[in-house]
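Please read the points below with the model open beside them.

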Amino acid sequence: MPTIINAIKDRSSKRAYLPKPVPRDIQEKILDAAAMTPSGANMQPWITYAISNQEVLKNIGDAIIEKMNSGVENDQFIQYYPLNWKAPYKKRRIETGVGLYSLMEVDRKDVEKRTQMWHDNFRWFGAQTVFFVFTDKAMIENAHGALIDCGAYMQSIMLAAGEFGLGTCPQGSTTEFGKVVAKVLDAPENLALLYSIVIGYEDKDAKINEYRPSRADLNENVTFIS
């Protein structure tokens, strides 16, 4: 019987899926479990759009890619990545990118292939379902607690998905175009997109799904005081 430790350690982001929809009842079970995520003052600040409509997903992807092709770098509600990268985070970022492209045998100068791989984010890697997680703008106005809570909610979704044999990939790429997503979905004005999670049946034959970035040793980020 797999343990919670197994579930955490065995999970990795999958970037290729089979064209097989995730049944509605399984989506509901995953989200029902994730709803138990703890939050400050029991705010439960997450608001999720669970989308399996392929036309809607295509429209979102098309709109983001069109925005990118027009030269716009982001159109976001929140700043996901740091504006000024520093060690050791910059090094980890570079190593992760190099590792993925090396696995796929994509040359650093192959702009066309790299761009295609980036656009794959907005074709949802072939998955049939994507969860888009929003929060009320009032929750993140000069406050960050809701962001922490919604981050925990993300992990809950991904671990619960594993219970049903589903792969997942959390996406900061949609965070960078959150306003585009909100516009396509005609989301209420008070909502801000935080991130999305691709969810589906992993293509186990896809080479890209073999990729697992390294993790820092505990002595790099943990201080024990006994």
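The notes below take the basis of the model, then the pocket, then the helix contact.

1. This is a predicted model, in which local features need pLDDT of at least 70 and side-chain atom pairs count only at pLDDT 80 or more, while totals for chains, interfaces and linings use all residues. Residues are numbered from 1 along each chain as its sequence is written, and side-chain values use heavy atoms, with hydrogens and water left out.

2. The second largest pocket has a volume of about 560 Å³. A pocket here is an open set of points on a 1 Å grid over the protein atoms alone, where a 1.4 Å probe fits, with protein on both sides within 12 Å along at least five of seven lines; lining residues have an atom within 4 Å of a point. The volume is the space filled by probe spheres set on the points, which are joined across faces, edges and corners.

3. Of the 22 lining residues of this second largest pocket, A7, D10, L159, G162 and E163 are closest to the centre. At least two residues each come from α1 (4–10), α6 (145–163) and β3 (167–171), with α6 giving the most, five. Helices are DSSP runs of H or I, at least four residues, and strands are runs of E, at least two, numbered from the N terminus.

4. The axes of α2 (residues 24–34) and α6 come within 8 Å and cross at roughly 140°. Axes are lines fitted to C-alpha atoms, for helices over the stretch in contact, and angles run from 0 to 180 degrees between N-to-C directions.
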